[in-house]
Amino acid sequence: MVIHKHADKRNSRTKMTLRRGDMVLVIAGKDRGKRGKIVAVFPEKNRVEVENVNIVKRHLRRQGAALQAGIIEKPAPISRSNVMLICPACGKPTRVAHEDLPEGTQAREKHVRVCKQCGEAITVENPRA
Ligand SMILES: [Zn+2]
């Protein structure tokens, strides 16, 4: 029996490198050139929601007492391939590398994202801000 190790590797490499709170530059689509902060990520759909990007108008009908009827504008998710991470250290749109953290580092994850432009680690300081 042949085990397809390469398929597994490819899967892990396509994991989402964008996080909520990241600043991104839109590089394709109608909002190309805009910058904004990621407000939500949808890894299974390969999409991200960016503030003030791909705004859609939604017509709401009144549903119960809590919701107001009317039109709201909210960002719709766009493909992550249409955005590029902006490095907080050098301010340039960049691809990221992943580096292993030293053994025993107190961190939520074992890897850190590193800017390919300036080599600084890219962290999200306060994802909920
Ligand atoms: Zn950088």
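**Reading sheets, core and loops**

Reader: Which residues does Val48 touch, leaving out those up to four places away in sequence?

Author: Val48 touches Leu18, Ile38, Val41, Pro77, Ile78, Arg80 and Val83, when residues up to four places away in sequence are not counted. Touching here means contact: the C-beta atoms of the two residues, placed from the backbone, lie within 7 Å. Please keep in mind that this is a predicted model, where local features need pLDDT of at least 70, side-chain atom pairs count only at pLDDT 80 or more, and totals for chains, interfaces and linings use all residues. Residues are numbered from 1 along each chain as its sequence is written.

Reader: Which residues of the largest nonpolar core touch the most other members?

Author: The general idea first: in soluble globular proteins, nonpolar side chains tend to be buried together. A nonpolar core is a set of buried Ala, Val, Leu, Ile, Met, Phe, Trp, Tyr and Cys residues joined through C-beta atoms within 7 Å. A residue is buried if 20 or more other C-beta atoms lie within 10 Å of its own, exposed if 12 or fewer, and partly exposed in between, with C-beta atoms placed from the backbone. Here the largest core has 14 residues, and Leu18, Val24, Ile38, Val48, Val50 and Val83 touch the most other members. Two or more residues each come from β1 (23-26), β2 (35-42), β3 (47-50) and β7. Across the protein, 16% of the 129 residues count as buried.

Reader: In what order do the six strands of the open sheet lie?

Author: Strands of a sheet pair through backbone hydrogen bonds, either parallel or antiparallel. Two strands pair if DSSP finds at least two bridges between them. Six strands here follow the order β6-β3-β2-β1-β7-β8, with antiparallel pairing. At the edges sit β6 (78-79) and β8 (93-94), each pairing on one side only. Strand β7 (residues 83-86) is joined to β8 by two bridges, and Ile86 stands opposite Pro93.

Reader: Which strands form the three-stranded sheet?

Author: That open sheet runs β9-β10-β11, again antiparallel, with β9 (96-100) and β11 (121-122) as edge strands. Five bridges join β9 to β10 (residues 111-115), and Val96 has Cys115 as its bridge partner. A further antiparallel pair is β4 (residues 55-60) with β5, over six bridges.

Reader: Why does Cys115 count as buried?

Author: Cys115 counts as buried because 20 C-beta neighbours lie inside 10 Å. Its contacts beyond four places in sequence include Cys87, Ala89, Cys90 and Val96. The C-alpha atoms of Cys115 and Ala89 are 8.5 Å apart, although 26 residues separate the two along the chain.

Reader: Where does Asn52 lie, and what is its phi?

Author: Asn52 is in the loop between β3 and β4, and it has a positive phi of about 65° although it is not a glycine. Asn54 lies in the loop between β3 and β4 too, with a positive phi near 55°. Asn52 has 14 C-beta neighbours inside 10 Å, so it counts as partly exposed, whereas Asn54 is buried, with 21 other C-beta atoms within 10 Å.

Note on methods. Helix = DSSP H or I, 4+ residues; strand = E, 2+ residues; numbered from the N terminus.
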